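The sequence and the model come first, and the text follows.

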Amino acid sequence: MKFSAYCFFKGANDFTKPNPGVMRYRYVNTMFNDFSQREDFIYVPPGKCFDFDSMNILNLPVGSCLINIVYYQKDERATAIQKQFIESQLLVRNATGWEARDYIWNEEQTDAELNIAGDIEPVRWIAKNGQERQVDFVIPSKNECKSCHWYADHIAPIGVSAPNLNLDVEYATGLKNQLQYWVSNGLLKNFSVSDAAKYPDWRDTTVAIDQRVRTYLNTNCAHCHNPKGPGYVSGLFLDWDNNSAALNGVCKSPPSAGKGSCNLKYDMVPGKPGESIIVCRMAATELGVKMPQLGRTIIDNEGVALIIQWIAQLKGDCSVKR
């Protein structure tokens with residue numbers, strides 16, 4: 001089955017012309033994925049609407065689909081945008097739950113084929129600073145998609161939470177709050193935008209650094225590192241709702257030593273980023289050491305710098321018994 005068979009768009013690779021029922025949406029924050037870019041859409045069957053579940057995650061009706069188009073802009077300096085499409089990631093809402101499906105774009109960029117085994121796609125592009133960059137982009141297998149989207153023994157969406165969708169978006173009718181636009185158009189039910197929380201943009205330097213760090217970790221790490229995610233055994237919980245310094249990793253010892261711990265004692269050591277496991281793993285590219293394990297092959301230098309800055313100004317001493 002090809003991606004075009006879903007008929008989400010007027011043309012298989014023309015995402016400016018979605019068919020009825022398909023709606024573009026934006027995030028406040030998206031996870032680092034080797035500097036790739038993305039376009040996100042929701043398909044909702046005719047006559048259906050949606051709300052948020054008890055975890056504040058989009059609760060879509062059966063037959064709906066979350067669509068993520070992963071691409072690189074060949075020259076980020078250019079006003080005429082040329083895109084190299086890499087994959088189309090789908091989360092399909094079936095009667096029994098969510099199913100992950102992934103499609104790899106062909107060399108001609110005309111369509112995408114269903115992917116089961118995964119692949120590696122060499123990519124070259126020119127960054128905004130004029131530097132030529134390259135990456136061997138890893139396209140996950142079906143099982144790897146499942147491992148990232150695993151929550152409480154089932155597949156679940158990542159990122160589509162009310163606070164991460166609470167932002168202003170430019171529509172044909174002008175700039176409007178995204179959630180309010182959905183409410184006003186009868187798509188989002190049983191939701192009060194005035195009472196909704198909002199995540200800060202972790203790149204916004206006017207925001208307090210602890211809020212920026214919590215948002216960064218929530219975006220890039222918490223889909224695994226939460227009490228019901230695949231990383232729960234680590235005891236390191238980085239979801240936004242966790243306010244415990246110890247569970248966030250401050251002076252917390254890892255459950256195992258060796259390669260994965262970088263031979264360090266604690267996940268985070270106040271005032272000492274060089275002795276903090278989280279910095280070592282974020283700055284690593286070696287399998288078995290790097291974190292996240294999936295979704296990146298190169299270092300998110302901006303994110304690492306933020307974590308280093310935050311740990312450097314933390315007060316405390318891990319030698320003091322807690």
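## A glutamate in a strand

E39 lies in strand β4, residues 37-43. Helices (H or I, at least four residues) and strands (E, at least two) are DSSP runs, numbered from the N terminus. This is a predicted model: local features need pLDDT of at least 70 and side-chain atom pairs count only at pLDDT 80 or more, while totals for chains, interfaces and linings use all residues. Residues are numbered from 1 along each chain as its sequence is written, and side-chain values use heavy atoms, with hydrogens and water left out.

E39 counts as buried because its relative accessibility is 7%. Buried means under 20% relative accessible area, exposed over 50%, and partly exposed in between (1.4 Å probe, protein chains only). Leaving aside its neighbours within four places in sequence, E39 is in contact (heavy atoms within 4.5 Å) with F15, R24, I67, N68, I69, Y71 and K83.

## The sheet and a hairpin

Strand β4 belongs to an open sheet of six strands, ordered β3-β4-β7-β8-β9-β10 with antiparallel pairing. Two strands pair if DSSP finds at least two bridges between them. The edges of the sheet are β3 (22-25) and β10 (112-115), each of which pairs on one side only. On average, neighbouring strands of this sheet are turned by 30° against each other, direction ignored. The axes for such angles are lines fitted to C-alpha atoms, for helices over the stretch in contact, and angles run from 0 to 180 degrees between N-to-C directions.

Within the sheet, β7 (residues 65-73) and β8 (residues 83-94) run antiparallel and are joined by nine bridges.

Strands β1 (residues 9-11) and β2 (residues 14-18) are antiparallel and pair over two bridges. A hairpin of two residues joins β1 to β2, and G11 stands opposite D14 in β2.

## Helix α6

Helix α6 (residues 301-312) has 12 residues and spans 16 Å from its first C-alpha to its last, close to the 16 Å expected at 1.5 Å a residue. The expected span is 1.5 Å times one less than the number of residues. Its buried residues are G303, V304, L306, I307, W310 and I311. They cover an arc of only 160° around the axis, so they lie on the same side of α6; the arc is that of the directions from the helix axis to the C-beta atoms. These buried residues pack against α4 (209-220) and α5 (277-282).

## Backbone in the loops

Most residues other than glycine have a negative phi, and most peptide bonds are trans.

| Residue | Phi | Relative accessibility |
|---|---|---|
| N190 | about 55° | 75%, exposed |
| C262 | near 60° | 17%, buried |

N190 lies in the loop between α3 (178-184) and α4, and C262 in the loop between α4 and α5. The peptide bond from M291 to P292 is cis, with omega near -5°. P292 is placed in the loop between α5 and α6.
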